[in-house]
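Here's a quick briefing to read alongside the model. Have the sequence and the coordinates open as you go.

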Amino acid sequence: MYIIEDKGGAIALMLASLLFLGTWPAVLTLLERRGRLPQHTYLDYSITNLLAAVLIALTIGQLGESKPSMPNFFTQLSQDNWPSVLFAMAGGVVLSIGNLSTQYAWAYVGLSVTEVISSSMVVVIGTTLNYFLDNRINRADILFPGVACFLVAVILGSAVHASNATDNEEKLNVSTNSYKLGTSGSVEPSKEVTEKDANKDLENGASPNKYATKAEAGTAEYLIELEERRSIKVFGSSTFIGLGIVFFSGVCFSLFSPAFNLATNDQWHTLKEGVPHLVVYTAFFYFSISCFVIGVGLNILFLYRPMAGVPKSSFKAYLNDWEGRQWALLAGFLCGFGNGFQFMGGQAAGYAAADAVQALPLVSTFWGILLFGEYRKSSRKTYILLGFMLFMFVVAVAVLMASSGHRSTK
């Protein structure tokens, strides 16, 4: 079994994890904006997310000689370590529910602000819990200023969202021939702004209804066309619905890393004497199994009892839906390997420092701007706030990684 023992290797894993975990939400958002049902997407995603954990366990988890204190993956499967297994599976449950929730929050609140709010809750709650669970192996004089930097970035991110929302409202208010404004303040999309066989790009690709947008990103017409094309309709919805989903997912995300920490380090001494701690690969395997079971079970239910106004579907319809399936499968791999790398880095450098990957909104915002045209044609104020937010995320990542300690493997 291969264990990362040096700080440099741990930081490299956390950087890779940051890239992967910041990219897979953009992939799922792309599919939702193209009109693919979120139930179909999440079922595909769940398959490769589990497969990533299996591949890590069967390869890295089996490398090298098995030791009594650090057994290989297959050796540990037969050991009496069920208390730790249950902690790992509990972490998988809350992560799966959190991921499922954010799939809807991205539509209601937007990719960037959803990631910012949920990540801030992970930093405030999860990182603090991990610091004490890790017996304070991270440098508090560096770690908590890093948390403060993250919170400043969160405040700036909220300001970016508020400023951009105001910009979008102004765009819709000055558009007089592509939409109708109702008395409740919601916008009724025009049916004359879609066109068949328009030029396709990553955002305007083939969707289930085979329509593509012709409007320029950042315009009122573009916002209306997007609403018509996407699978989760959000015009006229209450702001509190979206924010409620975001905060719920943030609580879930805050708990999965501490649960995994308890599974691999047994700080509460739940294992019998002489039973070795779960190695990170075994814990990740059980973690991913519970994540898979919850994700698949809930989404099969949502096929027949959908949420948020999403159309009803069936398992047969899911099997026949190949539109965008390759992207959903890719998202599962990215998330699976991203989580695996985060846990491997946390085992070596401390899970509090590994939570630096919660700066993933830095990556998600990049994809949001590149793929979806977020903040396109926005005001100067929005651009200034966006620049400061990205700068503070960079500072937060650097400071949290600098707090990394070294966990003894003896």
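What follows runs from the overall picture to single residues.

This is a predicted model, in which local features need pLDDT of at least 70 and side-chain atom pairs count only at pLDDT 80 or more, while totals for chains, interfaces and linings use all residues. Residues are numbered from 1 along each chain as its sequence is written, and side-chain values use heavy atoms, with hydrogens and water left out.

**Overall picture**

- The protein has 14 helices and four strands, where helices (H or I, at least four residues) and strands (E, at least two) are DSSP runs numbered from the N terminus.
- Of the 410 residues, 58% are buried; buried means under 20% relative accessible area, exposed means over 50%, and partly exposed is in between, with a 1.4 Å probe and protein chains only.
- Take the contacts (heavy atoms within 4.5 Å) with a separation of 6 or more: residues 24 or more positions apart account for 82% of them.

**Cysteines**

- A search of the whole structure turns up zero disulfides, a disulfide being a pair of cysteine sulfur atoms within 2.5 Å.
- For background, a disulfide is a covalent bond between the sulfur atoms of two cysteines.
- Cys291 has its closest cysteine sulfur in Cys335, and at 7.0 Å that is too far for a bond.
- Cys291 is buried at a relative accessible area of 4%, and Cys252 is buried too, at 8%.

**How α4 and α5 pack**

- Two packed helices are described by the angle between their axes and the distance between the axes.
- Helix α4 (residues 82-109) packs against helix α5 (residues 111-133) at about 125°, with the axes 7 Å apart. That makes α4 oblique to α5.
- On the conventions: axes are lines fitted to C-alpha atoms, for helices over the stretch in contact, and angles run from 0 to 180 degrees between N-to-C directions. Angles under 35 degrees count as roughly parallel, over 145 as roughly antiparallel, 65 to 115 as roughly perpendicular and the rest as oblique.
- On the α4 side the contact uses Thr102, Ala105, Trp106 and Val109, which meet Leu111, Val113, Thr114 and Glu115 in α5.
- The residues of this contact split into five nonpolar, two polar and one charged. Here Ala, Val, Leu, Ile, Met, Phe, Trp, Tyr, Cys and Pro count as nonpolar, Asp, Glu, Lys and Arg as charged, and the others, Gly among them, as polar.

**Covered helices**

- Helix α7 (residues 220-229) is mostly covered, with nine of its 10 residues buried.
- The buried residues of α7 include the charged-type names Glu225, Glu227, Glu228 and Arg229, along with Ala220, Tyr222, Leu223, Ile224 and Leu226.
- In helix α13 (residues 361-372), the buried residues are Pro361, Val363, Ser364, Thr365, Gly368, Leu371 and Phe372.

- Thr23 sits in helix α1 (residues 7-34) and counts as buried at 14% relative accessibility. Setting aside neighbours within four places in sequence, Thr23 contacts Leu334, Val363 and Trp367.
- Gln39 belongs to helix α2 (residues 38-59) and is buried, at 0% relative accessible area. Beyond neighbours within four places in sequence, Gln39 is in contact with Asn299, Phe302, Leu303, Pro306, Val310 and Pro311.
- Thr382 is part of helix α14 (residues 380-402) and is buried at 0% relative accessibility.
- Not counting residues up to four places away in sequence, Thr382 touches Val160, Ser163, Asn164, Asp167 and Tyr375. C-alpha to C-alpha, Thr382 is 8.2 Å from Ala159, although 223 residues separate them in sequence.

**Positive phi in loops**

- Ala308, in the loop between α9 (280-304) and α10 (315-320), has a positive phi near 55° despite being a residue other than glycine. Ala308 counts as partly exposed, at 30% relative accessibility.
- Lys377, in the loop between α13 and α14, is another residue other than glycine with a positive phi, near 60°. At 43% relative accessibility, Lys377 is partly exposed.
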